[in-house]
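Reader: Hey, I've just opened this one and I'm new to it. Can you walk me through it?

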Amino acid sequence: VGATQLMIDPSVGYFNVAERLSQIAPEAFVGIPLSLTGRFVFGWGPRFGQKLVCLEGAFPGALSFRKLIGYDPAPVQDPDITPDTPAVVLYTTGSTGPAKPSVYLHRNFSQVFRTAHYSWRVHEMSEPPVDMAAFPAFHMIAIAAGGTTVVPPINFATATPATTDAKPVCEVINAAKVRS
């Protein structure tokens, strides 16, 4: 769609998210009700005038993701995307100082996919990959190979992969036949 995705690890701290977002001035905000509440409470972007999408449940002033499924908008023009168009902004965790943004161009992300697909030997698989990425930016790797991404049962707002109970994660891995 031509949008640049922005991902900030919750470990940067609630007030630091506001500072990060103020530098970028996003046009839309997609999140769960807790993150949409954080927008108002902690000042994560303008309080009004943004496009808001609520991923689960409902939130005042936000479009429901469920209502968007199957929505057939008027035809739109293909976005003007080149290899040098920004695809995503990822932030470091801030473990060695303030979290810093890294802009990944479409060419960068394409190379990440190529490297992962080569390393995983996707071209040799008899079935498309089923992946469970603990870092949301990498949810697209299996999808780019025609596979499936399984979202881990981790509440990233309150836990990390290292502090999560392994039993429910293993249950999902086994039930979904995750291979990577």
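Predicted model: local features only at pLDDT ≥ 70, side-chain atom pairs only at ≥ 80, totals over all residues.

Reader: Got it. So in what order do the strands of the open sheet come?

Author: The order is β2-β3-β4, an open sheet of 3 strands with parallel pairing. β2 and β4 (63-64) are at the edges with a single partner strand each, so one side of each has no neighbour in the sheet.

Reader: And what holds strands of a sheet together in general?

Author: Backbone hydrogen bonds pair them, in either a parallel or an antiparallel way.

Reader: How many bridges do β2 and β3 share?

Author: They pair over 4 bridges, in the parallel sense. As an example, F29 has L52 in β3 as its bridge partner.

Reader: Okay, what lies across β2 and β3?

Author: That's α2, which runs at about 140° to β2. This helix covers residues 33-42, and its buried residues are S35, L36, G38 and R39. Seen down the axis of α2, those buried residues fall within an arc of 150°, so they line one face of the helix.

Reader: Why would residues a few places apart end up pointing the same way?

Author: An α-helix has 3.6 residues a turn, so residues three or four places apart point the same way.

Reader: What do the buried residues of α2 pack against?

Author: They pack against β2 (28-31) and β3 (51-54). On the other side of α2, L34 and V41 are exposed.

Reader: And what follows α2?

Author: G43 does, and its phi is positive, near 70°. There's a positive phi just after α6 too, where K177 takes a value of about 60°.

Reader: Changing topic: where is H117?

Author: H117 is in helix α4, which covers residues 106-120.

Reader: Is H117 buried or exposed?

Author: Buried: H117 has 16% relative accessibility, and the cut-off for buried is under 20%.

Reader: Which residues does it touch?

Author: Leaving out residues up to four places away in sequence, H117 touches V122, H123, I141, A144 and A145.

Reader: I also clicked on T160. Where does T160 lie?

Author: T160 is in the loop between β8 (148-149) and α6. With a relative accessible area of 37%, T160 is partly exposed. From C-alpha to C-alpha, T160 and V112 are 23 Å apart in space, and they are 48 residues apart in sequence.

Reader: Let's zoom out. How many helices and strands are there in the protein?

Author: The protein has 6 helices and 8 strands. Along the sequence, they follow the pattern β-α-β-α-β-β-α-β-β-α-β-α-β-α.

Reader: How does its radius of gyration sit with a compact globule?

Author: The two agree: a compact globule of 180 residues would be near 16 Å, and the protein has 18 Å. Its C-alpha trace spans about 50 × 45 × 40 Å along the principal axes.

Reader: And what share of the residues is buried?

Author: Buried residues are 28% of the 180 in the protein. As for contacts between residues at least 6 apart in sequence, 41% join residues at least 24 apart.

Methods
Residues numbered from 1 in each chain as written. Heavy atoms only, no water. Buried < 20%, exposed > 50% of the residue type's maximum accessible area, 1.4 Å probe, protein only. Helix = DSSP H or I, 4+ residues; strand = E, 2+ residues; numbered from the N terminus. Arc of directions from axis to C-beta. Contact = heavy atoms within 4.5 Å. Pairing = 2+ DSSP bridges. Axes fitted to C-alpha atoms, helices over the stretch in contact; angles between N-to-C directions. Rg over C-alpha atoms; globule rule 2.2 N^0.38 Å.
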